[in-house]
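Subject: Structure handover

Dear colleague,

I am passing on the structure below, together with notes on what was found in it. Please read the notes with the structure open beside them.

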Amino acid sequence: KAYVPWRREYYHNKPKEEWPKNARPDPKDKTLQWESTFGLGLLKYAHEQGYRGKTQMPTYWYAAENYIVRPSFSVTEYTKLYKHLLAYGQLINIPDTNRTFAEQVQQLSPLRADEVRKNYMMELLCDYMHVLASSGMRVGEANNLLVSDIEKITDGKGRTNYVLYVKGKTGKRPVVAQVAAVRHIQRRLHGHQQQEKFGYLKPKGRRNAENKGDWLFRMPDGNKITTLIDQFQAVLKEIGIDFNRYKERYTLYSLRHFYATRAIGRDKDIYQIARNMGTSPQIIQRYYGRTATPLTFATSLGD
């Protein structure tokens, strides 16, 4: 119990010249909650090992008073972003099957080669962000997806769709994206077929790759995505929607929030939403339900 007030005063009791660079003197509620949970974890381990004797375990639990939620795109903002990225088409095909994609790009002028690489990245970003926004999966889960994790299905309405078997911080689970994402998943899979057929975008040394398959979303050299946040925010800035009306910066995780708030607005079952996103109904209500705007519910409320 004494930790939280001590932590809140920690930097205020030190001269400013002793503060580490970028130190935040006033910790956020979420930080205090995480640190308290970590401390309780250490105590629990010590208790299980018998290091604390018969001393009773603390029952104190710090509950955050304010929950910080990343901003979610509006439908208008997301549509603008999506259409902007869709405008990029293939700037180069595979006309020469005797040469790899990299070899063909080398024959282009430097300016043209840069256009081709940018086009590939924008197409990749378009597919990547639409799958995130249509499934609610976490960024890390999308980065770790392999072709072998994708299963083609036919749903109850006879539509083609895919089940994505992700591996994240909550373990393994199946994720079903909205059917609007099918074309983007297929474009990624088609890219793999093109690579196997023509040998372009071949991985260099297969850095960060696993033996059991290839990455679904991969960089031009064939290797795993580390992060696309820089490219994503550059595009947002280019079209003028990098911040929301409250000056909060959009991130890739805003796509997860966009999925959740839209699903809630369409009256989807909260337990199904939580299961698909790999979280709990309580988290859905706490972080997403209260951030759904009146516009989110406009259709259902207007019926």
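In the strand region, Thr154 stands opposite Thr160 in β2. This pair belongs to strand β1 (residues 150–154) and strand β2 (residues 160–168), which pair in the antiparallel sense over 5 bridges; strands are DSSP runs of E with at least two residues, helices are runs of H or I with at least four, both numbered from the N terminus, and two strands pair if DSSP finds at least two bridges between them. The hairpin of β1 and β2 has 5 residues between the strands, and within this hairpin Gly158 takes a positive phi near 80°.

Strand β2 is also joined to strand β3 (residues 171–176) by 6 bridges, and these two run antiparallel. Val166 stands opposite Arg173 in β3, and the hairpin that β2 and β3 form has 2 residues between them.

As for the helices, the axes of α3 (residues 75–86) and α8 (residues 229–238) come within 11 Å and cross at roughly 105°, the axes being lines fitted to C-alpha atoms, for helices over the stretch in contact, with angles from 0 to 180 degrees between N-to-C directions. The contact (heavy atoms within 4.5 Å) is made by Leu81, His84 and Leu85 of α3 and by Phe232, Val235, Leu236 and Glu238 of α8.

Please bear in mind that this is a predicted model, in which local features need pLDDT of at least 70 and side-chain atom pairs count only at pLDDT 80 or more, while totals for chains, interfaces and linings use all residues. Residues are numbered from 1 along each chain as its sequence is written, and side-chain values use heavy atoms, with hydrogens and water left out.
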